[in-house]
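Got a few "how do you know that" questions about this fold? Let's go through them one at a time.

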Amino acid sequence: MTDAPMSPSREPHPTFTEPAAPDGGRRTKAAELPPLRPEGTEGIFSRTYAAATSSFAAVMFLTGLAALAVVPTLPTAARDLDGVSLFPLVAGCFVAASLLGGVLGGHWADRAGADRPLAAGMVLAVVTLLVSASSTSIWQLAAGRFVDGVAGGMVAVAINTAIGQAYPERLQPRALALMSACWIIPSLVGPPMAGLVAEWWSWRAVFYGLAALTALPALAVVALLNGRSWKAAPALSEEKTPRPALTVAVAVSVGAALGQYGVSGWDTRHLLFAVSGLALMVLFASRLLPAGTWRAAHGLPATVLLRGLSSGVFFTLEAFVPLMLVTDRDVAPVVTGLAFTGAAVAWAASSWVQGRLPERTPRHRLVVVGALVQVVAVVIAAVGSLPGVPAVTAASSMVVAAVGMGLLAPSLTVLSLAHAPAGRQGYASSAMQTNQNLGQILVLGVASAVFNAFLSGGSNNHIGYAAAFGLLLLPGILAAVLAARARGA
C-alpha cells in the first residue's frame, strides 16, 4: 500500500504551485505551467486537478499490484531456481534498491520536473518484470528484483514530488490519502490471485502477466505527461541544499544488499558480508539525508528521522508476526492473508480519516497519535507471542499498526513538503524515501539479531519473538517524543 508493506512507500508525491514557506520566505513560482490554483471549494477531482489525480491514482494502483502480487511467488521461484538459501537476498534487494531509486528520482525531479523520472520508472518497471519472468538462475531473479526496486523508488518519489508541486497545501492530504487507497484492491486481490496462478500454472506467468497489465497504462501515463509542461521551477531561495552524488546512493544501496545477503547464513563469509554492508550504510547514509537528521534537528531533518523510525516499526512487525504465526503457531495461511488484508484496509481507512480532518489540525499531533497507536500494536504483538494466547491476538497487531501508519505517514509527507527548501520538493521526498527504507532495513536487522541471539542461547521461540517485539517499543516511543520537532509553521 506504499506510503506500502516491505515494498516501496505506500503513500507516494506535476510542477504547478507550492505551499507557502513555513518561515515566510519566498517560495518557488511555477515556471511555464498552466495555473492549478484552487477556486472556491475545488477538490482533487475537480476539472483543474482531475487529469493529474486520475493519472497518479492509476500509477499507484499498478505499482501496488506489482509490488504485492509478486511477493507470494518469490519462495516458489527461489525453490525452482535452486536458490532457497539466497531467498533473503531476493526478498530484501527490492528495498535496498529503492534507496538508489529514491535518490535518483528526487534529484532528477528537481532538475527536470517530476514527469521524467515518473515516466522512466514506469517503463523500467515493465522491463524488469520481463527480466524476472525469464530468470534462469536465482541471481537473475535477484537482479530483476533489484532493478524493480530502483523503478519503484523513482516512481514513489516522483509522485510525492508531483503532488507537492501540483496541489495546494489544503489538498495535499486528500491526494496522499487517495494514493494510499489505491493499494486497497491490490492488497485484497493481488497476493491470493498470484498464489493461485503460481500454484496452478507457473510463477513466471505472474511476472509476465503483470508486465502485460502494466505496459499499456505505462505508455498512457508517459503520453499524458509528455502532453503537458511539467518543468522543474528554478529555486528562488538563497539556501543551498547539497545534492547527493549518485555514487553515494549506489554505495548505500549496495551496502543494504550486502547486509541482506549476510543474514542468509551464519558462517564467516556471511558475517563479513553483513559487516561490510553495515559499514557502507553507516559511512554513506548520512550524505543522503538532511544535515541534523540523526539528532532530530527541527524541521525537515526531524521529519525524515520520524519516517525511518515509524516505517521500521511497522515493517518489522509485518515481517515477524506472519513468521511467528506460520512457524510457531502453525496457523493456516488464510489467517496470515487476512491479517495482511486487514492491515491494508486499516491503513487506507485511517489515511482517509486524516485527509478529512480540519485544515488547521496540527500535523505533528497526528504523528504523535500514530506513533502511540504503533506502540499499542507492539504490545499486542508481544502479548500474542506468549503461549496460550490466541494467535489472532498477534495477527490483530498488524491491523492496529496499520491504523497508526495511516495517520502518521501522510502527515509526515505533508510536513516534509512544508519544510522543503524552495524548489527542492524532490530532495525532501527522496530523503523521506531513503530513510524509510533505511529504517526498514536497520530496525528489522536489529530485531532479527535479538531474535537469533535468544534462539542460539537455547530460549524458546516465543521468548525470542517477545524480545524482538519488545525492542520495537524504543523506536515507537522515540517517534512520539520527537514528533514536536517536526512541527510546521
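Q: What makes two helices count as roughly antiparallel?
A: The angle between their N-to-C directions has to be over 145 degrees. Keep in mind that everything here comes from a predicted model.

Q: Why are H9 and H10 called roughly antiparallel to each other?
A: Helix H9 (residues 246-262) and H10 cross at roughly 150 degrees, with axes that come within 7 Å. The cut-off is over 145 degrees, so H9 and H10 are roughly antiparallel to each other. Their crossing is left-handed.

Q: Which residues of H9 and H10 meet?
A: On the H9 side, they include Val 248, Ala 251, Val 252, Gly 255, Leu 258 and Tyr 261. On the H10 side, Arg 269, His 270, Phe 273, Leu 280 and Phe 284 are among them. Sorted by class, the contact of H9 with H10 has 12 nonpolar, six polar and one charged.

Q: Which residues make the contact of H5 and H6?
A: H5 brings Ile 159, Asn 160, Ile 163 and Gly 164, while H6 brings Gln 172, Ala 175, Leu 176 and Met 179. By class that gives five nonpolar, three polar and no charged residues.

Q: What makes Ala 296 buried?
A: The relative accessible area of Ala 296 is 4%, and the cut-off is under 20%. Ala 296 sits in the loop between helix H10 (268-284) and H11. Phi of Ala 296 is near 55 degrees, a positive value in a residue other than glycine.

Q: Why is Gln 140 called partly exposed?
A: Buried would need under 20% and exposed over 50%. Gln 140 comes in at 24% relative accessibility, so it counts as partly exposed. It lies in helix H5. Leaving aside neighbours within four places in sequence, Gln 140 is in contact with Val 131, Ser 134 and Ser 135. Leu 81 is 59 residues apart from Gln 140 in sequence, and 9.8 Å apart C-alpha to C-alpha.

Q: How do you know that Val 481 is exposed?
A: Exposed means over 50%, and Val 481 has a relative accessible area of 59%. Val 481 lies in helix H17 (residues 473-482). The C-alpha atoms of Val 481 and Leu 372 are separated by 9.6 Å, with the two residues 109 apart along the chain.

Q: What makes a set of residues a nonpolar core, and how many residues has the largest?
A: The residues must be buried, belong to the nonpolar types such as Leu, Phe and Val, and be joined through side-chain atoms within 4.5 Å. The largest core has 74 residues, and Leu 317, Phe 320, Val 321 and Phe 469 have the most contacts inside it. Helix H11 (residues 300-327) supplies the largest share of this core, 14 residues. Not counting residues up to four places away, Leu 317 touches partners including Ala 377, Val 378, Ala 401, Phe 469 and Leu 472. A second, separate core of 50 residues includes Ala 78, Leu 141, Cys 182 and Trp 183.

Methods:
Residues are numbered from 1 along each chain as its sequence is written. This is a predicted model: local features need pLDDT of at least 70, side-chain atom pairs count only at pLDDT 80 or more; totals for chains, interfaces and linings use all residues. Side-chain values use heavy atoms; hydrogens and water are left out. Buried means under 20% relative accessible area, exposed over 50%, partly exposed in between (1.4 Å probe, protein chains only). Helices (H or I, at least four residues) and strands (E, at least two) are DSSP runs, numbered from the N terminus. Contact means heavy atoms within 4.5 Å. Ala, Val, Leu, Ile, Met, Phe, Trp, Tyr, Cys and Pro count as nonpolar, Asp, Glu, Lys and Arg as charged, and the others, Gly among them, as polar. Axes are lines fitted to C-alpha atoms, for helices over the stretch in contact, and angles run from 0 to 180 degrees between N-to-C directions. Angles under 35 degrees count as roughly parallel, over 145 as roughly antiparallel, 65 to 115 as roughly perpendicular and the rest as oblique. A crossing is left-handed if the near helix is turned anticlockwise from the far one by less than a right angle, and right-handed if clockwise.
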